[in-house]
Amino acid sequence: MHNKQDSPQDLAKPLISFILTYYNLPVDMLCMCIDSILDLSLQGDERQIIVVDDGSDESPVNALMGYGDDITYIRQRNQGLSQARNTGIQMATGNYLQFVDADDRLLKDAYEHCLKIVNIGNPEMVVFDFTTTVAKPKDFKDLPPQSGNHYMRHRNIHGTACGYLFKRSVLGDLRFTAGIYHEDEEFTPLLMLRAEKIIVTTAQAYLYQQRAGSITRNIALQNQQKRLSDLKTIIQRLHKTADRMPIDDKTALQRRVAQLTMDYIYQVIYQTRSRQQLETEISDLTRNGQFPLPDASYTPKYIWFRRLSKTSAGRALLMRIIPLINRER
């Protein structure tokens with residue numbers, strides 16, 4: 001097992017660097033995650049597995065000793081998911097990067113399809129799908145190669161950075177913003193806009209396992225308000241960034257900003273149940289140029305939400321129906 005003192009220049013250059021972020025998880029989940037990577041057809045010199053322990057109460061190092069030189073283990077003081085991933089990026093030497101949360105897994109057959117795309121098509125990014133259940137393998141369909149901005153102008157993207165296998169060279173100086181929630185929502189669209197050749201596949205290559213007590217399940221009031229505040233800050237930053245971009249990139253990022261703004265309004269209603277806070281947030285979004293939502297036909301959900309949200313009566317209706325929709329799920 002490599003340790004933090006190893007220099008990236010001293011490591012053989014692998015095809016893919018897998019960056020696993022770990023914090024206070026059951027160690028057996030981390031081991032299952034690592035095993036899912038080792039189970040792939042990649043040889044030892046074609047992969048680099050980096051485990052970044054973000055200051056867990058107890059180090060998992062003893063459980064990892066059996067992996068030997070198959071993994072690089074880094075332990076740092078607790079700084080949050082963003083900085084843990086940034087540390088992994090700093091240590092990575094692979095041509096491609098893949099983020100994996102340590103309580104999730106890669107699914108062999110579907111991820112092997114992503115590897116096949118890399119080997120044959122040499123894209124800058126592979127966009128794959130998620131699943132919450134292990135199903136029988138099925139045929140996968142791939143879209144023709146396209147640029148990131150073309151894809152974003154015509155389709156919604158998923159925010160999580162774990163859904164993309166991408167060339168390290170595409171990153172440039174892009175990193176995750178430390179100290180915020182929803183860091184993926186800022187990072188992912190900016191990453192995709194840098195890619196001139198992406199290939200999108202239906203392969204469900206990532207097994208997402210949501211645990212009670214995970215970051216997304218923590219609904220304490222203070223945490224809830226910070227999550228909302230951080231998302232609004234990201235929306236405002238992306239909105240300003242779009243204004244400085246060439247027209248195609250600007251159009252692509254404006255669509256993403258509109259989608260995130262819709263999600264933000266939805267979450268304000270669902271999480272706070274406060275009409276007063278909703279109206280306060282609507283006024284703030286209006287001052288910053290993010291409301292009313294753009295008159296565009298992105299998706300059926302976007303169309304009806306845009307129409308309802310732009311009037312007081314429509315927002316009153318949303319206040320009634322959104323809690324009911326979530327109660328039925």
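A residue is called buried when its relative accessible area is under 20%, exposed when it is over 50%, and partly exposed in between. By that cut-off Cys-114 is buried, because its relative accessible area is 0%. The model described here is predicted.

## Overall build

The protein chain has twelve helices and eight strands. Along the principal axes, the C-alpha atoms fill a box of roughly 60 × 45 × 40 Å.

Buried residues make up 52% of the 329 residues. Contacts reach across the sequence. Of those with a separation of 6 or more, 77% join residues 24 or more positions apart. The accessible surface comes to about 15600 Å². Carbon and sulfur atoms account for 49% of that surface.

The protein chain carries 41 positive and 38 negative charges.

## Cysteines

How many disulfides does the structure hold? The number is zero. A disulfide needs two cysteine sulfur atoms within 2.5 Å. For Cys-114, the closest cysteine sulfur is in Cys-162, 13 Å away, so the gap is too far for a bond. For Cys-162, the closest cysteine sulfur is in Cys-33, at 9.0 Å, which is also too far for a bond. Cys-162 counts as buried, with 1% relative accessibility.

## Backbone exceptions

Most residues other than glycine have a negative phi, and most peptide bonds are trans. Some places in this chain depart from that pattern.

Asn-122 has a positive phi, near 50°. This residue sits in the loop between α4 (108-121) and β6 (125-131). Arg-273 also has a positive phi, near 55°. The loop that holds Arg-273 runs between α9 (247-272) and α10. Neither Asn-122 nor Arg-273 is a glycine.

Which peptide bond is cis, with omega near 0°? The bond from Phe-291 to Pro-292 is cis. Pro-292 lies in the loop between α10 (275-287) and α11 (300-309).

## Accessibility of the named residues

The table gathers the relative accessible areas of residues discussed in this report.

| Residue | Relative accessible area | Class |
|---|---|---|
| Cys-114 | 0% | buried |
| Cys-162 | 1% | buried |
| Asp-54 | 5% | buried |
| Asn-122 | 43% | partly exposed |
| Arg-273 | 45% | partly exposed |

## Around Asp-54

Where is Asp-54 found? Its place is the loop between β2 (47-53) and α2 (61-64). Is Asp-54 buried or exposed? At 5% relative accessibility, Asp-54 counts as buried, because the cut-off is under 20%.

Asp-54 has contacts beyond its neighbours within four places in sequence. Among them are Tyr-22 and Tyr-23. Gln-76, Arg-77, Asn-78, Gln-79, Gly-80 and Leu-81 also touch Asp-54, as does Ala-84. Arg-75 is 21 residues from Asp-54 in sequence. In space, the C-alpha atoms of Asp-54 and Arg-75 are 6.2 Å apart.

Notes
Residues numbered from 1 in each chain as written. Predicted model: local features only at pLDDT ≥ 70, side-chain atom pairs only at ≥ 80, totals over all residues. Heavy atoms only, no water. Helix = DSSP H or I, 4+ residues; strand = E, 2+ residues; numbered from the N terminus. Buried < 20%, exposed > 50% of the residue type's maximum accessible area, 1.4 Å probe, protein only. Contact = heavy atoms within 4.5 Å. Areas by Shrake-Rupley, 256 points an atom, 1.4 Å probe, with all protein chains shown as cover. Lys, Arg positive; Asp, Glu negative; His and termini not counted. Charge placed at Lys NZ, Arg CZ, Asp CG, Glu CD.
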